[in-house]
Amino acid sequence: MRTALITGISGQDGSLLAEFLLDRGYRVFGFARRESWYRPNSASHLEGRIEVLLGDMSEGVDIASAIQDAQPAEIYNLASQARPGESWARAPETLLVNGLGAQRLFEAVRHQCPACRVYHASSSEMFGRAEISPQNEQTPFNPVNPYAATKVYAHQMARIYREGYGLYIANGVLFNHESARRPLHFLTQKVAYGAACAALGIGDSPALNELGRPIVQHGKLALGNLEIARDWGYAGDFVRAMWLILQQECPDDYVIGTGKLHTLKQLCETAYGAVGKDWRDFVVSDPALVRPLETGQSLADPSKARLQLGWEPTVSFDEMIGNMVRAQLEHLSAVITANAGGN
C-alpha cells in the first residue's frame with residue numbers, strides 16, 4: 001500500500017485527488033488548517049477514510065511534523081491562497097503560504113524523506129501577459145498579480161531543489177480547472193450560481209461576493225471584465241494528470257490544460273443556456289470587480305502531457321458547466337425548501 005500526503009486536502013483538488021488515490025488503494029493523509037477542516041469542506045465526506053494532520057503551510061514545524069508522521073511515498077502540494085484577485089489585498093499572506101510554504105515543504109522533504117516523490121501545483125497565472133499563445137513548458141513567465149508572482153517563486157524553488165539536491169519534485173502548470181466543488185468566490189461557480197438563481201427566480205441571493213454584496217442583486221449577476229478568455233477544464237481530469245506526473249521515471253514540468261479557449265461571455269451563455277435563459281438579461285460588468293492588471297489570453301499547449309503522460313481531458317466544457325449549474329440548482333432548491341419548512 002503506497003502512502004500519499006496531500007496538502008490543501010479540504011479544497012476542490014485535494015478532495016478529488018484523495019478520492020482518486022483511495023480508489024487505487026493508497027493510504028491517504030491530508031494536511032489542513034484546523035479552521036478549514038472543522039467546518040464543512042470539499043473533503044468532509046472522506047472523514048474516516050483519510051487520516052488528517054492539522055497544521056499551517058506558513059509554519060515550517062507543522063509541515064515537517066506532517067511529513068514525519070505520514071512518511072509518504074508521494075506528496076501532492078496543493079495548498080495555497082488560491083484567489084488571484086484577492087491576492088492584491090492579501091499579498092504578504094499569499095507569499096507566506098504559496099511561496100515560502102512550498103519552499104519549507106521542499107526543505108522538509110530534503111531532510112526527512114529525500115526518496116519520496118513530490119508534485120507541486122504551479123499555475124497558468126504565472127504566464128500573465130504572455131507574448132506567446134498557446135503557452136507550453138518553454139513559455140517565459142510574466143506574472144501580473146501577487147498570486148502569480150508567489151507561484152513563480154515556488155515553481156523556481158521546486159526546480160532548484162530538484163536540480164541542486166537531486167530530489168524528485170515535479171511541477172504541474174495547471175490551467176483553470178473547475179467542478180461543482182469550487183467555492184463561490186471562483187468565477188465559474190459564480191456564473192453557475194447566477195444561472196441557478198435566474199432559473200429559480202431569486203432576485204437577491206443569500207450568498208455574498210467579495211464586496212459584501214449579494215452575488216445576484218436585483219436579479220443581476222455582477223462580474224468584472226467580461227472580455228477575458230480562459231482555457232477551462234474539468235478538475236477531475238486534472239487530478240489524474242497530477243498522479244500521472246509522479247509515475248514517470250524522472251521528475252519534470254508539465255503544462256496541463258485542454259488547449260481550447262472560451263470567453264467569459266461563452267461561459268455565461270453556456271451556463272444560462274442550461275436553464276433556458278439569455279445571459280445578457282442577467283449579467284452586468286462591475287468596475288469594482290475588475291483586477292488592477294488582467295492576465296492575457298490564457299491557452300494551454302498540453303502536447304508534452306499528451307505525448308509523455310498519455311493524458312487527455314475527458315469532460316467537455318459544456319458538460320462541466322452544465323453539471324455545475326445543476327449542482328447549484330439542487331443546492332438552492334434545498335435551501336428554499338428548508339426555509340419554507342422553517343416558516
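Before I start on helix packing: axes are lines fitted to C-alpha atoms, for helices over the stretch in contact, and angles run from 0 to 180 degrees between N-to-C directions. I also keep in mind that this is a predicted model.

Entry one, the helix pair. I looked up H1 (residues 12-23) against H7 (residues 235-246) and got an angle of about 65 degrees, with the axes 9 Å apart. The crossing of H1 past H7 is right-handed. On the H1 side I noted Gln12, Asp13, Leu16, Leu17, Phe20 and Leu21 in the contact, and H7 brings Ala235, Gly236, Val239, Arg240, Met242 and Trp243. Sorted by class, the residues of this contact come out as eight nonpolar, two polar and two charged.

Entry two, the second largest pocket. I get a volume of about 170 Å³ for it. It has 16 lining residues, and Glu137, Gln138, His155, Arg159 and Asp253 sit closest to the centre. Which element gives the most to this lining? It's H5, with four residues. Helix H5 (146-165) and strand S12 (253-256) are the elements that give two or more. By class I wrote down five nonpolar, five polar and six charged residues for the lining.

Entry three, the sheet. I found an open, mixed sheet of three strands, ordered S8-S9-S14. S8 (216-217) and S14 (283-285) are its edge strands. S9 (residues 220-223) and S14 run parallel, joined by three bridges, and Ala222 has Val284 of S14 as its bridge partner. I also checked H6 (residues 187-200), which lies across S8 and S9 and runs at about 170 degrees to S9.

Note on methods:
Residues are numbered from 1 along each chain as its sequence is written. This is a predicted model: local features need pLDDT of at least 70, side-chain atom pairs count only at pLDDT 80 or more; totals for chains, interfaces and linings use all residues. Side-chain values use heavy atoms; hydrogens and water are left out. A crossing is left-handed if the near helix is turned anticlockwise from the far one by less than a right angle, and right-handed if clockwise. Contact means heavy atoms within 4.5 Å. Ala, Val, Leu, Ile, Met, Phe, Trp, Tyr, Cys and Pro count as nonpolar, Asp, Glu, Lys and Arg as charged, and the others, Gly among them, as polar. On a 1 Å grid over the protein atoms alone, a cavity is a set of points where a 1.4 Å probe fits but cannot get out, and a pocket is an open set with protein on both sides within 12 Å along at least five of seven lines; lining residues have an atom within 4 Å of a point. Grid points are joined across faces, edges and corners, and a volume is the space filled by probe spheres set on the points. Two strands pair if DSSP finds at least two bridges between them.
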